[in-house]
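Reader: Hi! I'm new to reading protein structures. Could you walk me through this one?
Author: Happy to, ask away once you have it open.

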Amino acid sequence: MPRPFVAYLRVYEPLSALDAPLADQVRKALEDGALSRADVGARERELWLRSQLARPRRLLPGERSDGSVAPDAPFDVMTISPAEVPGEVGPGPLVCPLDLRARSAAALVGFLATATGPLREEALAVEPEAIRSRASAVMAELTAGAVHVISTTWTVPLPWFALVEPEARRVVLAPRDDPERQVSWRVSMADARERVARAHRVVSGSLGDAGPAKVLADTGRWLDHFAPDSAVELDYGGLVQLIEDQDLLEDSSATDVNAIVDALETGDAEEVALRYERLREFWGELARRERHG
């Protein structure tokens, strides 16, 4: 079975920066074994399916039927070394709790906002207001006030590339069904915040506050929840299963987005159009595959 076609933006905080209850959970999870990047998609799918196949069905992974947290609820963590990140981060270990229950709650709220009435009624047996109330309660449990991971299906929001240095890209070519196949970037929190602030200033000044500027503003506010010596990772995740080796090697998305920001700042409309067309061609193919299955 292929990995979910999901891309990720993750924050890894120093363990020393976490509040005591969360730090204790993370230490225990690390003793049991951190989750590898290659296993994340399958693990999250497994936990979600387990919650939906339970009888009675659970609204969120890791819950009892009454909505309380199950005593054996999984708590998964990823970890990286400061040496794997350009710039000043740490001290290590840098840890990223997956926050799956909270992320699932946020996803349900997003589903309520975008799904049609018949689809909502078919997919959910709980009233929308009850879901929103539950989601608010679950999010309030997060000590940082925000999840450490945000994700998207079938694509990468183009403004995310403004956070990273194009030359810092990590590419591992392996067979498409090999979970080691990857494309990712890592950047220090300080650099990510500086980059997103500059991109937001330029884009909002040129294009207004909607669209890409809103994504940048939301991303900047999200980053502000975490320790300043954290690391940020942009990971194509399961999307690499959909892209040919040569296309992965020639992918210039991070370079193009950063060039667009530069061109907007200097007023070079021709360069903006050229770079955007290249991005549209690359990511448009994945969008077509989503629509046509």
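**Helices, salt bridges and a pocket**

Author: Leu 53 sits in helix H2, residues 40–53. Keep in mind that this is a predicted model.

Reader: Okay! Is Leu 53 buried or exposed?
Author: Leu 53 is exposed, because its relative accessible area is 66% and exposed means over 50%. Together with Trp 48 and Leu 49, Leu 53 makes a nonpolar surface patch of about 300 Å².

Reader: What about Arg 278, which residue does it pair with?
Author: Arg 278 forms a salt bridge with Asp 256, and their closest N and O atoms are 3.2 Å apart. Arg 278 is in helix H10 and Asp 256 in helix H9, so this pair ties together parts 22 residues apart in sequence. Arg 278 is partly exposed at 40%, whereas Asp 256 is buried at 1%.

Reader: Tell me about H9 then. How many of its residues are buried?
Author: H9 is mostly covered, with 10 of its 14 residues buried. Among them are Val 257, Ile 260 and Leu 264.

Reader: And what length should H9 span?
Author: At 1.5 Å a residue, its 14 residues should span 20 Å, and the end C-alpha atoms are 20 Å apart, which agrees. Just after H9, Gly 267 takes a positive phi of about 75°.

Reader: Last topic! What is the volume of the largest pocket?
Author: About 900 Å³ of space lies in it. The largest pocket is lined by 26 residues, and those nearest its centre are Arg 103, Ser 104, Ala 107, Ser 151 and Thr 153.

Reader: Which element gives the largest share of that lining?
Author: Helix H3 does, with 8 residues. Strand E1, H2 and strand E4 also give two or more residues each.

Conventions. Residues numbered from 1 in each chain as written. Predicted model: local features only at pLDDT ≥ 70, side-chain atom pairs only at ≥ 80, totals over all residues. Heavy atoms only, no water. Helix = DSSP H or I, 4+ residues; strand = E, 2+ residues; numbered from the N terminus. Expected span 1.5 Å × (residues − 1). Buried < 20%, exposed > 50% of the residue type's maximum accessible area, 1.4 Å probe, protein only. Patch = residues over 30% accessible without salt bridge, like charges linked within 9 Å, V, L, I, M, F, W, Y side chains within 5 Å. Areas by Shrake-Rupley, 256 points an atom, 1.4 Å probe, with all protein chains shown as cover. Salt bridge = Lys/Arg side-chain N within 4 Å of Asp/Glu carboxyl O. 1 Å grid on protein atoms, 1.4 Å probe; cavity = no way out; pocket = protein on both sides within 12 Å on 5 of 7 lines; lining within 4 Å. Points joined across faces, edges and corners; volume = space filled by probe spheres on them.
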